[in-house]
Amino acid sequence: MEKYRNMKQHVSFVGALHVGFGILGVVAAMAIYFGFAFLYNFIDNDPMAEKILAFIGNALALILSFFGSLGIIGGIGLFAYKAWARILVLIVSAMNCLNVPVGTAKGVYSIWVLMQPETIELFDTSKQS
């Protein structure tokens with residue numbers, strides 16, 4: 001029983017990490033979007049520069065908000081011990097491993113926690129009532 005309590009604490013911490021970093025990602029996406037919109041005002045009649053600046057700003061903001069939203073959704077699902085949230089957070093954690101060094105540490109820790117046999121049993125839907 002002690003193992004399950006410890007794993008519940010680990011799962012809660014992983015959920016909080018993903019929600020917190022997801023919120024930071026969405027805030028960063030908004031800052032990038034508005035920052036590029038501000039820079040857009042300084043371009044004087046150069047259509048190519050306008051297109052490139054708009055594309056880069058929108059693409060970065062969209063990617064950051066997408067992965068931030070996935071982290072928030074997955075983290076909230078982990079708090080409720082939903083099986084789909086475990087899979088979603090595993091995928092997001094694998095993608096986070098590319099973000100050296102903080103994302104790698106978060107991703108490796110999340111994968112370690114969510115792949116433990118005790119954690120898998122916590123998320124087993126056949127044993128839940």
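**Notebook: a helical model, loop by loop**

I started at Asn45, which lies in the loop between H1 and H2. The helix labels are DSSP runs numbered from the N terminus, where a helix is H or I over at least four residues and a strand is E over at least two. Before going on, I noted that this is a predicted model: local features need pLDDT of at least 70, side-chain atom pairs count only at pLDDT 80 or more, and totals for chains, interfaces and linings use all residues. Residues are numbered from 1 along each chain as its sequence is written, and side-chain values use heavy atoms, with hydrogens and water left out.

I looked up phi for Asn45 and got a positive value near 50°, in a residue other than glycine. Is Asn45 buried or exposed? Asn45 counts as exposed because its relative accessibility is 75%; the cut-offs are under 20% for buried, over 50% for exposed and partly exposed in between, with a 1.4 Å probe and protein chains only.

Tyr81 also has a positive phi, near 55°. I found Tyr81 in the loop between H2 and H3, just after H2.

Next came Pro101, in the loop between helix H3 (83–96) and helix H4 (102–114). A cis peptide bond joins Val100 to Pro101, with omega about -5°. I wrote these spots down because most residues other than glycine have a negative phi, and most peptide bonds are trans.

**Entry: the whole chain**

I counted 5 helices and 0 strands. The C-alpha trace spans about 65 × 30 × 15 Å along its principal axes. The radius of gyration, taken over C-alpha atoms, is 19 Å. A compact globule of 129 residues would come out near 14 Å, by the rule of 2.2 Å times the number of residues to the power 0.38. Buried residues make up 31% of the 129.

**Entry: helix H2**

The buried residues in H2 include Gly57, Gly68, Gly71, Gly74, Gly75 and Gly77.

**Entry: His18**

His18 is found in helix H1 (residues 2–40). His18 counts as buried because its relative accessibility is 2%. Which side chains make polar contacts with the His18 side chain? I found Ser93 at 3.4 Å and Ser110 at 3.0 Å. A polar contact here is a pair of N or O atoms within 3.5 Å; within protein, one must be able to donate a hydrogen and the other to accept it, and residues adjacent in sequence count only if both atoms are side-chain atoms. Leaving aside neighbours within four places in sequence, His18 is in contact (heavy atoms within 4.5 Å) with residues including Gly71, Gly75, Val89, Asn96 and Lys106.

**Entry: rings**

How many aromatic pairs does the structure hold? I got 6. Rings of Phe, Tyr and Trp (its six-membered ring) pair if their centres lie within 6.5 Å; planes under 30 degrees apart count as stacked, over 60 as edge-to-face and the rest as tilted. One of the pairs is Tyr33 with Phe34, edge-to-face at 5.4 Å centre to centre and 75° between the planes. Tyr33 is partly exposed at 42% relative accessibility, while Phe34 is exposed at 55%. Ring pairs also link Phe13, Tyr109 and Trp112 into a cluster.
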